Structures are given as structure tokens and as C-alpha cells.
Amino acid sequence: MSVLGIIAGAGRVMSEEIITDSNGHVVTHSWIWPETAEIIYGSTASALVFYALYRFGWPAMKKSLDARTERIQKELDAAAADTAAAATEAAGIRQAKGDIESERARILADAKAQADSLLVDGRARLVDEVADLETRAVADIIAARGRVGDELRGEIARLSSAAVDHVVTGTLDDATQQELIENFIARVGASS
Amino acid sequence: MSDDNRIEGYSRALFEIARAEGTLDEVEDELFRFARSFESSDSLRTALTDEQIPAGKRQAIVEDLLGGKASSTTTQLISMVVGSGRGRDLPAIIDKLVARASSAKNLEVAEVRTAVPLSSDQQDRLTAALINATGKQVNLKVVVDPSVIGGLVATVGDTVIDGSVRTRIDQLKSRL
């Protein structure tokens, strides 16, 4: 509605006459429609109210809606971030689980390798020790045999020495003594 | 005075006394045999060299031992050496005396060790054999030494002619 329209309407309202009943009560011209002036005043007041609402209430409401939207967006973002973090953590856990599995496998493999190495080393050492023991045993046997042989020879020599003295002394009678002396004299006399 | 000089002095004194007495050969022989007995008998050596025993006692032992078995000159000479405390040097003194006596007669001492005594004939033939073998005139000194067991060992100067059973047994033992 233009300002001219409003003014024209206001002129017409001003020019309407008020109808009253017999009791002096004001009677409207329609049982449903208000009076024209009321429409104008009401419309104007409504427009002013709507304008005031648009001018002053809407920004605040819009700001509130924007803030709510932003809060909701933030919450959505946080939820998305939490979801992503959870997914990352889940992936980490899955990776860690995988790492644990691989670590376990690696430790088991290392342990098995060490056990195999120890077994091989132990067998080799055992073989060496057995060979060494055999060598020493053979050497000990040879030494013992030599020692026993030496002791036996020594004992035989000792007994023989004792026997020689006894036997020779016992067999040296006067005739033998004289023969030895004569042989000595003959031998010395023959040498020059 | 060193021991060598002292031994030399005693041997010369004994030699001169025996020669002055005109019994050099007999005394020399008796002294030689006594020296060998002295060497082979530990108890005799101990008795005549023990300084804890008085000199008179040691001399009495000598006189008891040799009385009637050796000439008085021999007994007195040994008694004199023992009484002067030189009993330990007695063998060396006597050996010097024997060497001196042999040298005076242009003889080399030939010490012969035998297990059994030699007869005069054997001694004569042995002397001749040693003269033949060494080319030296020898003064034979026979020592009866049972440790020889059998045979003889003759020592003339630095030459040793060993025909003893003892040595053969020792060689056999060494081989054993």
C-alpha cells in the first residue's frame, strides 16, 4: 500500500459516520468485518509491529539460530573428529595387535633360532669334549701303560740287581776267584 | 800352614823316621795296609778322629790294634799322627809317604785291590804284567777289599785297569 493510498483510506475513514442503535450503542456495518478505521489502524499497527520485529527481533533470532547452527555444526564436527579419532585408535589398536602378533612371531622365531643355535653349539661342544676326553683318555692310557712299563722295568731291574749280587757272590768260589786273578794277570801282561 | 803343606810335612817326617830306622820297606807296607783299613772301617775312622776322645785314649786304641801285628815303628808313627789330632789326614799322609818311598826307589805305586789275597807268585807275575803294561817300574801294594767281589783293580798313577766283578755287576745294573 502506498502512502497516498493510506492517506486516502484515512480520509475515507474520517468521513464515515458512526451508526448507533436505539440504545445508543454503536452498530457496525458488518457482522464479520470491523470498521474500516479499525482495519487501517490495525493494519498499520500490525505493519509497525512486524517491521519492528523484522528490524530488531529478526537479527537477534537469526543470530541465535546461527549460533545454534554453529553449535550443532561444532558438535557434529566434534562427533566426526571423535569418530575419526576412534577409527584411528581402532586402527592403531588393530595395528598394535598386528604388531604384537608379529612381535610374538619374531620373538618365537628368535627363541627358536637361539634354541637351535644352542643345540647346535651344545652338540658341537659335546662332540669336542667327547673327542677331548677320548684323546686324554688315550693319552692317560698310554702314559699309564708307559708308567706301568717303566715301573715294571724298574722293579725287574731292582730285583735283577739284587739277584745279580746274590747269584754272582754265591757262585764265586775259590777256583773262580783264582781264575779271575789269573785271567787279569794274563790280560794285563798281554797288553803293552 | 795349609792342609796340603801339613800333610806333606807329616809324610816327609814319617818317611825320614822310617828310613832312619832302616825299616822303610816294612813300615811303608804296614802303613799302606793300615791306611786302607782306616778308609774302609767307619768305626776305626770314627774312633781315631773323634776329638771328644782324649789323645791318649786314641793312641791307646792304635797300640791295642797294632800291637804284635805291626812293627813298633809303624805303631809309633800312627800313634804320633793320631795323637797330634791329624787322624783324619792319615790316609793322605801315608799315601804321600808311599809315593815318596816309591819315588826314592824310582818306582811307581801300583795299588791293586783284590777280593781274595794274592799269593807271592801271583804278586810277582802281576808286578811283571803291570811293568809290561805301563812301561814303569812299580811298587805293588795289594789291598784285600771284599767290595771288589772278584777279580782285580789295578791303579798305577792315573791309569786304572779294572777287571773286577764289582764293575761288571755295576755295568750290568746300569744296562738293566
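## A strand of chain B

Strand β1 of chain B (residues 108-114) is largely enclosed by the rest of the structure, because five of its seven residues are buried (20 or more other C-beta atoms within 10 Å of a residue's own, with C-beta atoms placed from the backbone). Strands here are DSSP runs of E with at least two residues, helices are runs of H or I with at least four, and both are numbered from the N terminus.

β1(B) pairs with strand β2 of chain B (residues 138-144) in the parallel sense, over seven bridges; pairing requires at least two DSSP bridges. B:A110 has B:L140 of β2(B) as its bridge partner.

## Basis of the model

This is a predicted model, in which local features need pLDDT of at least 70 and side-chain atom pairs pLDDT 80 or more, while totals for chains, interfaces and linings use all residues. Residues are numbered from 1 along each chain as its sequence is written, and chains are lettered from A in the order in which they are written.

## The interface of chains A and B

In chain A, 19 residues are in contact with 24 residues of chain B (C-beta atoms, placed from the backbone, within 7 Å). Of the side of chain A that touches chain B, α3(A) provides the largest share, nine residues.

The axes of α3(A) and helix α7 of chain B (residues 120-134) come within 7 Å and cross at roughly 30°; axes are lines fitted to C-alpha atoms over the stretch in contact, with angles from 0 to 180 degrees between N-to-C directions. The two helices, α3(A) and α7(B), are therefore roughly parallel (angles under 35 degrees).

Conventions:
Two residues are in contact if their C-beta atoms, placed from the backbone, lie within 7 Å. Angles under 35 degrees count as roughly parallel, over 145 as roughly antiparallel, 65 to 115 as roughly perpendicular and the rest as oblique. A residue is buried if 20 or more other C-beta atoms lie within 10 Å of its own, exposed if 12 or fewer, and partly exposed in between; C-beta atoms are placed from the backbone.
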